Each structure stands twice: as C-alpha cells, then as structure tokens.
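Me: I would like to go through this model piece by piece. For each label, I want the value and the cut-off behind it.

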Amino acid sequence: MKKIVYGSTAGLKNTQIKRIENLYALKSPPEFIITPEIATQLVEISHEIRRQIGLMVDRNGRIICVIAGDPQKIVIPVISDYVAGPGRLKGLRCIHTHLSEEALTRDDLTDLALLRLDYISAICIRPDGNPGNVYSAHVLPDETKDPYQVLPKISILELEIDCQAQIHALELELSQKSALHRPETGQENAFLINATTTNPKEAYASFEELKELCKTSRIRVIGAAIQRRQQIDAKFVVGKGKLSSLVIKAIQNHATLLVFDRELTPSQIRSITDFVEMKVIDRTQLILDIFAKQAKSRDGKFQVELAQMEYLLPRLITRNTAMSRLTGGIGGRGPGETKLEINRRRVRDRITRLKKEILKIRKQRTQQKSRRKRKDLPVISIVGYTNAGKSTLLNTLTQSNIIAANRLFATLDPSSRRLRFPRDTEVIITDTVGFIQNLPKELMEAFHATLEELSEADIILHVIDVSNPRYEQQKKSVEKILTELDLDKIPTLYVFNKLDQVDLETFDNRWLLNQGVMISATQKQTLIPLVEKLESMVHI
C-alpha cells in the first residue's frame, strides 16, 4: 500500500519523492524522540531538496505521516485518528527540519499548543548539509503561564532520551487538572468569540444574550472574547493569528466547544474546523439546538427539523467535525445522527417531505381559524422577546398551566386559551414562540405556519420585560420582526412586565411606560388595568 506524502511535491524528481516515501518504512524506539539515524536521513533529504521535511510519530515509534513543506514551514494535515481529548495529548510528536540554524518558530509553538502534540522538535541543517542543533518543546499543564516550555538545544546524539516518561507525566498532570473542570454528562464547556465592526455596546449586549442561550442549552461558559475589527475576516472571522491565541486560551481553560456569536458561512466553518481540533458552532446552530430540545408537538418538531436541514444543505461540503454538532444537536438532539456523507439529493428530498407535512398542518390551522371565525371570537396574540413573560401572562389571565420557565424559548409550540371579560365577552388569547435578536432566517421560514397565526389577530399584546437592561433593544427587535411579517398594521398594546423588579422612581424612560400598561404577570391584581384596556379595544 502506497504511503501518501502530505504537503507539496511539485517540482521534485521522482527519485526524491521515492526517498521521502521510504521514510514511512523507518521506526524509532518509543522512548526516543527519534533515532540519530532517522534524523540524519531527514536532514540529507531536506538539504538536497531545499525544503523542510516533517514526520509525525506515534507513541509506538511508527511514522504515520510524512510532510513535504517549503523552505520556511510545513503544514501539519488533519489526522482524524488521533484526537486530543480533555486532559489528554494528541499521542503524536512532530519532528521536522529547519534549513538553517533557527530555533522553534511562532508557527511551530502554535501548532504544538493548538494540536496538543506530545512534542515538537526542529532539527537544524548546517551550511555543509550536516545536522546541527535540535530545538524541542512540549505543552505545559499550568494555564497561568505560557502553554508550552521550550527546552535547551541539544545535538542529534542526545535525541535518545526517555521522552515517553515525560509525556506520560505531563498527561497525568493535565488529566488531573482537567478532572477539576470536567462538565457534567451531556454538558459542554464553551469559549465564546465575537467579532464586531459596529458599536461595542451592541456586541456586549449580544454576548450577554449568547450566554443566556448557552445556559438554556446546558452549556457552561468558561471564557469569552470580543474583538473590534475594521472588517470580519472572510476565513477565520477574527483572523488566523487572533484565533490561534483564543483557541489556546480556550484549551487552557478546559473548553470543549467554541461558540461564535454570528452565523458562520460554509467557508468559515470549513476553514476554522480545519484549523482547530475543537467542536465549533455558531449562534444559529445554538438556537436550532435549543428549538430541537424544546419542540414537543409533531408540527414543532417538523418545523425545527426543516430549519436544521435548510441550514445544513449549503454546508454539506464541510468537514464532518464541523457538522457533527448540528446533525445530532449539541447533546444528541435534533434530526438524528445524520452523517456528512449524506448527499444533497437526500437532504432536498427530506426538505420536500417536511414542507408537505407542514403544509398539511397549515391547512388544518386554516380550518380551525374558519371555525373560530364562524363563532366570531376576537383573537388576541401575545408576542414579545423570549423570556419576557408571555406564557406566565397567559397562565395568569386564563388560570392555565402552560409551561413557563425562566429560560429562553421555554415556549415553542403556540398555545390558545379562551378568556372571558367581565362584560361576558369571550376572546381567544394565543401565546407564540418568543422572538430574539437576529432570529435565524431558516427558523423564520420554517415557523411561518406558526407565525402566520399572528396575521389573524385582532389585537397584538407586545410583552416587554422592563427589568432587562436591554429592554429597548429587545422591543426594537420584536417590532422589526413584526414589520418583516407585515403585522405592524394590527392594533398593538404594549405590556410592560416584571414591574415588581423595577424601581419606578429611578426608571430611565417613564415616557415609554405611559404608552402602555404596566403589570407583573405573576400578580393577578396588577392585570386589572390590562383586562379593562383589552376589553375597551375589543369593543371599539
């Protein structure tokens, strides 16, 4: 079986390529970094072709990867059979040449820290073509210092050291530290990344919301970084160098997941997941995962799966490590463990079937609406930002027991209840899915059947959580979505909720509060003015 030479062999003679391929046949004792004989062969070939040559050696001393670089560097390929899990190293060491007397470069040390290599060594080549000094480094388990330690230079005759014992000792210390930060079963430790070209205040507000999304999805946030940029990097969002330092910081803090506070393009997902060996998801995937967890009804599950499939379709070209989180959800939720090998035709077929099922649901709802119209019952729809208190308000108004929880998207499937006013007027009052800033377009499209319920409303109750510091921004986000759905012409009543958590004397926008009704959805007596206002609007 022919062994692959990774990197570029363009411009090399067949005899030179053959010599490089023959390096696969060599083996080093496991306890040695590498033998002087192999090091000498490596130097001879590298000096002849005037390019760096690299070897990836496993803990049994087998050469499992040979890399042909350029005069300045080698590029370590993705080796999926060797993964550095929490508290563990990759199980591979990298030995490569430098064409001159040069210590380990920044790229070398970044590769060591990012890939969690057992060891990295650079064998320098003297002008006469003989081996020079050898520079080595290994990772450090102490997250308060540099993530690596550079060792004193040695000669190739000193490579026969017991590096295996040192690797095991390092890994033991790493695993002990990792155990202290190990997440619960089904949980992830996340490092959040945001790049912004706009007002940093908006970025911080979005970040706080991302943290709440993580909390809802049982993801523990262990670190975060915001970078202000002139423009977003087309491949790595924050730039390759910055991403390197952030990922190393994330690894040091025992993160198992990177979460980007934006929707990543297919090319960004591919570039980032080829560059780092961690799980990577974006804001859209996180929201889709939450919806997958919260969907209980048949139509809710169909709509979530449709949104996931439509998000997945343009990203099928990316690496499996990028998509494994989406297709099975962060904790194994969603439309099943769909493999990356699934082709576009099968995904499109599934999308077509889901759309047909959702169309049936839409027809059923149309029939329900026609029956409701025959009874001539006014419809009041409750809208608002997620976690504003919509379900709690519906429960208190109608003495219902709809799920109401202090988390984002606790309500996914719409709920309708009858409400009788004091003058014996009956109305239908409906709770809808919560809105959020930058709601993924796939969800907007998939939940059209749910959101179109709003178009039948006679009155829209816009619930605003005034205890939230970002209430004005949340109000604007909801109004923007209502405008996009062409619902801004329906009479709207602002309901300012969680009054009990606000000091009205110091509240910064009393004028706004006068534009609606102030309530505390958990306290029935505060709803009397709201009921009176609604009744008067219904009888207009």
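Me: Which element gives the most to the lining of the second largest pocket?
Reply: This is a predicted model. In it, H15 gives the most to that lining, with five residues.

Me: Which other elements supply at least two residues of that lining?
Reply: Strand S8 (188-196), helix H5 (200-216), helix H8 (283-294) and helix H13 (441-446) do, alongside helix H15 (471-484).

Me: What is the volume of the second largest pocket, and how many residues line it?
Reply: The volume is about 630 Å³. The lining has 25 residues. Nearest the centre lie Arg283, Gln437, Asn438, Leu439 and Lys480.

Me: How do the lining residues divide into nonpolar, polar and charged?
Reply: Seven are nonpolar, 10 polar and eight charged. Among those nearest the centre are Arg283 and Lys480. Arg and Lys count as charged. Leu counts as nonpolar, which places Leu439 in that class.

Me: Why is Ile281 called buried?
Reply: Its relative accessibility is 1%. Buried means under 20%, so Ile281 qualifies. Ile281 sits in strand S11.

Me: How far is Ile281 from Leu192 in sequence and in space?
Reply: They are 89 residues apart in sequence. In space the C-alpha to C-alpha distance is 10.0 Å.

Me: What makes Asp233 partly exposed?
Reply: Its relative accessible area is 21%. Buried needs under 20% and exposed needs over 50%, so Asp233 falls in between. Asp233 lies in the loop between strand S9 (219-228) and helix H6 (240-252). Asp233 and Gln268 are 35 residues apart in sequence, with 8.9 Å between their C-alpha atoms.

Me: Why do S9 and S11 count as edges of their sheet?
Reply: The sheet is open, with four strands in the order S9-S8-S10-S11 and parallel pairing. S9 and strand S11 (279-282) each have a single partner strand, so one side of each has no neighbour in the sheet. The twist averages 25° from one strand to the next.

Me: How do you know that S8 pairs with S9 and with S10?
Reply: Pairing requires at least two bridges. S8 and S9 share nine, in the parallel sense. Glu188 has Ile219 in S9 as its bridge partner. S8 and strand S10 (residues 257-260) are joined by four bridges, also parallel. There, Ile193 has Phe260 as its partner.

Me: What makes S8 a covered strand?
Reply: Nine of its nine residues are buried. One side carries Glu188, Ala190, Leu192, Asn194 and Thr196. The other carries Asn189, Phe191, Ile193 and Ala195. Both faces are covered.

Me: What is the strand order in the seven-stranded sheet?
Reply: The order is S1-S3-S2-S4-S5-S6-S7, in an open sheet with mixed pairing. Strand S1 (5-7) and strand S7 (148-150) stand at the edges, each with a single partner, so one side of each lacks a neighbour in the sheet.

Me: Which residue takes a positive phi in the hairpin of S5 and S6?
Reply: Gly129 does, with phi near 90°. The hairpin has five residues between the strands.

Me: How many residues of S6 are buried?
Reply: Eight of nine are buried in strand S6 (residues 131-139), so each of those eight is under 20% relative accessible area. The strand is mostly covered.

Me: How does the span of H9 compare with what is expected?
Reply: Helix H9 (residues 298-312) has 15 residues. Its first and last C-alpha atoms are 21 Å apart, close to the 21 Å expected at 1.5 Å a residue. The helix is mostly covered, with 13 of its 15 residues buried.

Terms used:
Residues are numbered from 1 along each chain as its sequence is written. This is a predicted model: local features need pLDDT of at least 70, side-chain atom pairs count only at pLDDT 80 or more; totals for chains, interfaces and linings use all residues. Side-chain values use heavy atoms; hydrogens and water are left out. On a 1 Å grid over the protein atoms alone, a cavity is a set of points where a 1.4 Å probe fits but cannot get out, and a pocket is an open set with protein on both sides within 12 Å along at least five of seven lines; lining residues have an atom within 4 Å of a point. Grid points are joined across faces, edges and corners, and a volume is the space filled by probe spheres set on the points. The expected span of a helix is 1.5 Å times one less than its number of residues. Buried means under 20% relative accessible area, exposed over 50%, partly exposed in between (1.4 Å probe, protein chains only). Axes are lines fitted to C-alpha atoms, for helices over the stretch in contact, and angles run from 0 to 180 degrees between N-to-C directions.
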